[in-house]
Amino acid sequence: MQATFNVYRKEPGPNSKPGRSTYSVEVAADATVMDALLKIRDEQDPALGFRGSCLRGYCGDCTVRVNGKAAFACTAKVAALAKKGPAEISVEPIRNMPVVKDLIQDWDAFLWNKIDATKPWLEPNGSTADGEQRIPDTVMAKVRKAMSCFYCGLCDEGCTVLPVDFNFLGPAALTKASRFTWDPRDHAVRERLQILERPKGMWDCVHCFEASEHCPREIAPTERIMEMRDEAFKYGITNEKVARHHLSFAASVKRSGWLDEGRLAIESEGLTNFKGLMKLLPTAVKAITRGKAPIPYLHHKREGSEKITRIIEKAEANKEK
Ligand code: SF4
């Protein structure tokens with residue numbers, strides 16, 4: 001079959017302007033986009049840059065956007081794309097990733113440097129008497145889940161925070177870090193969670209669940225991030241404002257059945273953070289003078305709040321199981 005490809009092009013260097021090249025190529029009926037790119041490079045344009053490794057959808061090395069959707073070039077079928085999509089099949093780099101050349105993306109900046117920042121190695125906590133560390137399968141289930149990540153970057157491609165803050169660690173690096181959080185052989189869990197708690201870390205995730213939607217291995221990176229936040233609470237790690245906000249919010253609803261906004265603002269800022277609390281003062285004064293906050297501030301329990309408390313207690317008990 002004959003297919004036309006409209007491919008993103010860019011020469012290396014910060015000053016080069018991106019463009020597009022169009023190629024018409026004859027491919028087999030069961031050809032993939034990778035087959036087509038290889039043929040274009042062999043027969044028409046030896047300078048076309050792209051990546052690929054396993055060619056079987058196992059390694060995640062050839063992630064690109066095809067017709068505006070993230071895909072593996074080695075598994076996306078040309079016939080299906082030509083049938084459903086526009087006359088020209090568009091191929092471009094995935095979002096949120098700097099480009100080195102054409103479809104070759106800068107994985108160091110996008111992923112490896114960020115993974116590196118999460119202390120992604122096991123810190124052994126000693127062996128049993130016979131030198132073995134036998135771990136029950138049930139304990140390893142969570143570790144294995146995170147370990148099945150093959151760093152395709154699709155979760156980062158779908159992330160809604162990275163387009164506005166490229167320095168956010170991102171779901172892929174955080175998923176890697178979660179692997180060590182659950183490994184009972186590791187003794188650096190606290191230290192790692194403290195690293196992840198810093199700005200640009202796990203608290204910058206806005207839990208839009210796009211990362212989980214994008215993951216081809218059903219690792220659910222968003223859920224992995226949320227689990228690590230809960231684990232950080234168990235370690236008493238609440239240095240980040242967002243963490244305190246989260247705790248105060250949940251405690252308020254559990255206590256009174258609704259949100260105590262005044263207390264939320266104060267507890268999020270930190271009771272010992274005098275400078276931060278002073279900054280809140282003008283907003284508090286405005287809220288009080290405009291009738292948005294009662295004087296003196298009395299947050300009463302809402303009717304039926306005991307039912308809400310019971311629901312939250314039940315959910316907490318279930319989570320512990
Ligand atoms: S978590 Fe899923 S989407 Fe993200 S890099 Fe790993 S395999 Fe890819």
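Which residues is Pro-171 in contact with, leaving aside its neighbours within four places in sequence? The exercises below begin with that question.

This is a predicted model, in which local features need pLDDT of at least 70 and side-chain atom pairs count only at pLDDT 80 or more, while totals for chains, interfaces and linings use all residues. Residues are numbered from 1 along each chain as its sequence is written, and side-chain values use heavy atoms, with hydrogens and water left out.

**Exercise 1. Describe the surroundings of Pro-171.**

Step 1. Locate the residue. Pro-171 belongs to helix H6, residues 170–181. Helices (H or I, at least four residues) and strands (E, at least two) are DSSP runs, numbered from the N terminus.

Step 2. Classify its accessibility. Buried means under 20% relative accessible area, exposed over 50%, and partly exposed in between, with a 1.4 Å probe and protein chains only. Pro-171 has 3% relative accessibility and therefore counts as buried.

Step 3. List the partners. Contact means heavy atoms within 4.5 Å.

Step 4. Pro-171 and Glu-210 are 39 residues apart along the chain, and their C-alpha atoms are separated by 9.8 Å.

**Exercise 2. Characterise the packing of H3 against H6.**

Step 1. Two packed helices are described by the angle between their axes and the distance between the axes. Axes are lines fitted to C-alpha atoms, for helices over the stretch in contact, and angles run from 0 to 180 degrees between N-to-C directions.

Step 2. Read the geometry. Helix H3 (residues 107–116) packs on H6 at about 30 degrees, and the axes are 9 Å apart. H3 is therefore roughly parallel to H6. Angles under 35 degrees count as roughly parallel, over 145 as roughly antiparallel, 65 to 115 as roughly perpendicular and the rest as oblique.

Step 3. Assign the hand. The H3 and H6 crossing is right-handed. A crossing is right-handed if the near helix is turned clockwise from the far one by less than a right angle, and left-handed if anticlockwise.

Step 4. Examine the contact. Leu-111, Lys-114 and Ile-115 of H3 meet Ala-172, Ala-173 and Lys-176 of H6. By class, this contact of H3 with H6 has four nonpolar, no polar and two charged residues. Ala, Val, Leu, Ile, Met, Phe, Trp, Tyr, Cys and Pro count as nonpolar, Asp, Glu, Lys and Arg as charged, and the others, Gly among them, as polar.

**Exercise 3. Describe how H11 packs with H10 and with H12.**

Step 1. Take H10 with H11. The axes of helix H10 (residues 241–256) and H11 come within 8 Å and cross at roughly 150 degrees. The crossing of H10 and H11 is right-handed. On the H10 side the contact involves Lys-241, Arg-244, His-245, Ser-248, Phe-249 and Arg-255, and on the H11 side Arg-263, Leu-264, Glu-267, Ser-268 and Glu-269. Its classes are two nonpolar, three polar and six charged residues.

Step 2. Take H11 with H12. Helix H11 (residues 261–269) packs on helix H12 (residues 274–289) at an angle of about 150 degrees, with axes 9 Å apart. H11 is therefore roughly antiparallel to H12. The crossing of H11 and H12 is right-handed. Ala-265, Ile-266 and Glu-269 of H11 meet Gly-276, Leu-277 and Leu-280 of H12. That contact has four nonpolar, one polar and one charged residues.

**Exercise 4. State how many disulfides the structure contains, and examine Cys-54.**

Step 1. Apply the criterion. A disulfide is a pair of cysteine sulfur atoms within 2.5 Å. The search of the whole structure finds zero disulfides.

Step 2. Check Cys-54. The cysteine sulfur nearest to that of Cys-54 belongs to Cys-59 and is 3.7 Å away; Cys-54 is in no disulfide.
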